[in-house]
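This report describes the ligand surroundings first, and then turns to the cores, the domains and the annotated segments.

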Amino acid sequence: MKYKRQSIIFIAGVVGLLLVAGAFMTALLNEISQKMNQSANETLLNSTRMIESSLNHELQTDEQLLETFAGLYSKSREFQNPAEVLADFAASTQFYRFSYVDMTGSGFDSTGASVDASELPFEETALSAGAYGYSDAYMGSSGRLQITFQIPIYLDNRQIGALYADKTLTRYNESALFTFNGSSGHAYMVRSDNGSWMIEGAGTDADDVYQLLEKHGNHPDVQQALEKLMQEGKAGTIGIAFNGEPSRLCFLPMDNTYGWYLISIVSQSLLQQESSTIMQMIEITLIVLLVALILITILVLGRQSMKNQEKSRIYREQLFQTISANVDFAFLLFSPDKQRVELVSDNVRVLFDLDSIQVAEHPELLAERCGIPVSDEGWNAFFHGELHGNIRKEYQVGADNNLQRWIEVHLIPVETGQYLAVLHETTSEHHMRDDLAEALRQSQESNQAKTAFFSSVSHDLRTPMNGIVGMVAIAQSNLQNTAKVENCLAKIKVASDHLLSLINQILDMSRIESGKINLKREAVNLPELISGVLLLIKPELTKKGHTLQISSAVLEHDTVIGDTLHLQKILLNLLSNAVKYTPDDGEIQLNIQEQPVDDGRIEVVFQVADNGIGINPEFLSRIFTPFERAEDGRVSKIIGTGLGMAITKNIVDMMGGTIQVDSEVGHGSCFTVTLPFQLSEKQGYIAPDLKGRTVLVADDDPAICSGMRTMMEELGMQVDCVYSGQEAVDAAEQARLSGRIYYAVVIDWKMPGMDGIEAARQIRMNNPSQSPIILLSAYDWEEAEQEAIEAGIDGFLTKPIFRTELLRMLRCHMPDSPDAPRREMRSAVRSHHITGLRVLLAEDNALNREIAEEILRGSGIEVESVENGLMAVQQVERHDAGYYGMIFLDIHMPLVDGYTAAREIRELPEKGQVPIIAMTADTFDEDIQRCKAAGMDAHIAKPIDFSILFDTIRRFWKNEDGGHS
Ligand code: ADP
């Protein structure tokens, strides 16, 4: 567009220039032609003047001749007859007659005839006035125009007469005089008054010049103009027609008193012969210049248009290259008629590692790189100009799986007659297709697994339900047989527990999969968390007779930032699987290590190993896939959902950690979970000053001994390590005998030979007042608590040993410690019996209400129950403050739900302080948070775990003594 406008401007400029040049040239030519005409006129005028001057010269010559004759005559008439003298004169000159008159006016002529001065046919001046000269033209006796020269004749200074000489004007008509320009121009002498000929230079059929002009076809205006000019006595030229061609007529008055005019006529072409040649040359030059200018313009325009074309070609090429640089398509443009590659996109370098110039010269390189065979029909048709339609084909290059590439080639005949090849790598599409196929396969597998799972879940759900229904029926028909009823109840418990875990896991999994889980960032106390997990796993562990080895050095940090509940879930899943998939009397190991990452962050490695059935390598790759279980006869007998590992892996991933499994079929499995944690600023316990104290450590695990030694020595303490119960007894005895006092004895419970409790008993026996003895156990000290206390154990420390826990334990046994434990408190045997507590229970489901009432009443608690939140609030309002020691609220209830009821109770004056506990099947974290936000104190999940229920009651119920019941 821009170029078009430029061209238009340029053409307009050039046309303007041409017009100006044309106008200038025309003006110049006019000027030159005028000048030339002027000069031609001048020339004609000059030629005419020359004729005039020659004629004048002739007349003067004749005058002089007459003068000479006059002198001669006055002298010679004395010797010769005067008439003869005159006759001699006439014979020797062109005067055809001489005459002489004396002062009387009579005389004679050269022929001898007498002459009378008064009868002379011209104006006489010589005799009458003594003046000499020649007369006006007059018709002579010869019948021709003539003039007479006259001169006075003097003798001795006295005029004696006058001499006359007659001459016909035709005598002056010499062709040399009256023709010019190589005889092409003619001169005439005319009379100014009537234009009649005096001397007719060339024969004409006209009587006068005007007739001549008329004959030659001139307009009367021309004659009138000439007549007027001549009458005015002017000299000049006028344009006339003569002999059928434009000519010029020059009129020049003769230098005498008779009004004679000299006329000359010459054709314009002759006159301007020279100038027209110059004009022609100038015209030719100008035309050549014009043509040159036009040619230059065309050239420049052509060049400009070529430049523009080139520019737009470059622009298109750049555009093309820019586009191709940004797309994954390479292009090759081929002109089959010229057999030339016109264009190759630069991105062949990136896409095919080839240089575009190289490809333009050797397109076969591209074919080779794209796996196009030499014999490929389409490709050959492309380069042989035989492409008749679009061709699309895909080629494969590279044999190795990893290096395999697919290139899609489109060969397209373009409208311009050129061929376009478009090359595009489709490897990723292939991979994507493969991936999609794989994903489809996996999804189908997963669907199959889900279908299988659901059918197995429905089977699994029905199985315990069946059991429960059946057992209930058996129990009902055997109500008198307590043993049978008990047996039925025990089986119902097992079935319902399984049902519960199944439901929980399905819910967990669906929440994780739908991304509804947000990890909390709270302070996690690792010792508490681990002992909680161990406590939960203990019943199963004990039931199967497994031993649990906790091997770990002393852990430096006990409080990290994380999500307690989910961390607990990870450990629980791993440990419960280890317990489940290990045949009875197996060995489970838990190893916890801490690794510093940088300031403020650590990595904790949890390792759970068992010596159970193991996992075959084929299944290992699917172990974290939901609903997958090993296809193993032994596994199918074990209750499970195939969700635990998937849940675990998901949580580990969310926490930014890793999980790894090593397993050998028949030898056991080892799961290693590494999790990064930020350290909490509050780290348990500040180290007391225990410098210089000596502690005796007895553990068969050397790692624990050396870990304790390292840790305590850092605090300036000394450690004596022994590796069995007996050695501990011996060492203590040795010390006693040598008068040394151990600040404390830390003794492992489970040791080969003499166990820790027995060793403690013997140490105490030898020296009842010996330093405190701390029993080191894995998890289950509570079952031997009574025995241990009786044996003289002062404290219990669970593995893994955390530095802070150990220090707290040592510190609290310093004689001045405020933390010193009250032995009687520790020895109190826990029971679920609670006295003096009245609770309000709000539950809309009659069965659930009955269960809860039953359980609470069984522990000595007085229960009043209502069916909805509204009634609960009314009940509280009705009674005095303190009437209810605690309120249990279901959440989903008619009229007023649990949240609203809690809020309303909290707003009651004085009575609002009562502990309120939610008892609900809404068990997700956000449900717990909502309960707290509504003002409730605690949350107990349904179905109710009785130990949790009673723990919670104890937390909030204080009897009159102010202590826990
Ligand atoms: P399940 O509810 O079946 O235990 P999990 O997701 O916890 O589901 O485990 C998936 C499968 O992995 C199990 O069915 C079992 O085949 C295998 N597995 C998990 N842990 C162990 C282990 N410690 N020893 C042997 N096999 C295991």
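The ligand is surrounded by 22 residues, of which the closest are Asn-577, Tyr-581, Arg-629, Thr-641 and Met-645, where a residue is counted as near a molecule if one of its heavy atoms lies within 4 Å of it. This is a predicted model, in which local features need pLDDT of at least 70 and side-chain atom pairs count only at pLDDT 80 or more, while totals for chains, interfaces and linings use all residues. Residues are numbered from 1 along each chain as its sequence is written, and side-chain values use heavy atoms, with hydrogens and water left out.

| Side chain | Ligand atom | Distance |
|---|---|---|
| Asn-577 | oxygen | 2.7 Å |
| Tyr-581 | oxygen | 2.7 Å |
| Arg-629 | oxygen | 2.5 Å |

The largest nonpolar core holds 49 residues, and Ile-530, Leu-567, Ile-570 and Leu-675 touch the most other members; such a core is a set of buried Ala, Val, Leu, Ile, Met, Phe, Trp, Tyr and Cys residues joined through side-chain atoms within 4.5 Å, buried meaning under 20% relative accessible area with a 1.4 Å probe and protein chains only. A second, separate core of 42 residues includes Ala-40, Ala-137, Tyr-172 and Phe-180.

By an automatic or database domain assignment, the chain is divided into domains that include domain 1 (1-171), domain 4 (522-679) and domain 6 (838-956). The C-alpha centres of domain 1 and domain 6 lie 162 Å apart.

An unreviewed UniProt entry lists residues 7-29 and 278-301 as "transmembrane region", an annotation that may be inferred rather than shown by experiment. Residues 278-301 are 100% helix and 0% strand, with end C-alpha atoms 33 Å apart, helices being DSSP runs (H or I) of at least four residues and strands (E) of at least two.

Terms used: Buried means under 20% relative accessible area, exposed over 50%, partly exposed in between (1.4 Å probe, protein chains only). A polar contact is a pair of N or O atoms within 3.5 Å; within protein, one must be able to donate a hydrogen and the other to accept it, and residues adjacent in sequence count only if both atoms are side-chain atoms.
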